[in-house]
Amino acid sequence: MAGRRDLLAHHPRHRPARGVFCGIGVCFDCLVTVDGRPNERACLVPARPGTVVRTQEGTGRAD
C-alpha cells in the first residue's frame with residue numbers, strides 16, 4: 001500500500017479498491033478508520049495535526 005494515496009478502502013464483500021468518488025459526502029466510497037473509529041467518510045472529517053487515518057479493511061468492525 002505504500003505510495004497508494006488514492007486507495008482509501010476495500011469493498012466489504014467484493015474487495016475491489018475504493019478511492020475518492022464524489023468528494024462531498026454523498027457516497028460511501030471513501031470510508032476510512034480515523035483515530036480508531038471505523039466508517040468515517042474521509043471527505044467529511046477535518047484534517048488536524050496528529051490525526052491517524054488508516055485504510056479501512058472490510059466493514060471496519062472487529063470480527
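What percentage of the residues in the chain is buried?

Guide: Of the 63 residues in the chain, 25% are buried. The model is a predicted one, and the values given here are computed from it. The accessible surface of the chain comes to about 4,700 Å², and carbon and sulfur atoms account for 53% of that surface. Contacts along the chain can also be sorted by distance in sequence. Taking those between residues at least 6 apart in sequence, 21% join residues that are at least 24 apart.

As for secondary structure, the chain has 5 strands and 0 helices. Followed along the sequence, the pattern reads β-β-β-β-β.

Now to the sheet. It is an open sheet built from 3 strands, in the order β4-β3-β5, and the pairing is antiparallel. The edges are taken by β4, residues 37-41, and β5, residues 53-55. Each of these two has a single partner strand, so one side of each is left without a neighbour in the sheet. Neighbouring strands of this sheet are turned against each other by 45° on average, with direction ignored.

Strand β3 covers residues 31-34, and 3 bridges join β3 to β4, the two running antiparallel.

Note on methods
Residues numbered from 1 in each chain as written. Predicted model: local features only at pLDDT ≥ 70, side-chain atom pairs only at ≥ 80, totals over all residues. Heavy atoms only, no water. Helix = DSSP H or I, 4+ residues; strand = E, 2+ residues; numbered from the N terminus. Buried < 20%, exposed > 50% of the residue type's maximum accessible area, 1.4 Å probe, protein only. Contact = heavy atoms within 4.5 Å. Areas by Shrake-Rupley, 256 points an atom, 1.4 Å probe, with all protein chains shown as cover. Pairing = 2+ DSSP bridges. Axes fitted to C-alpha atoms, helices over the stretch in contact; angles between N-to-C directions.
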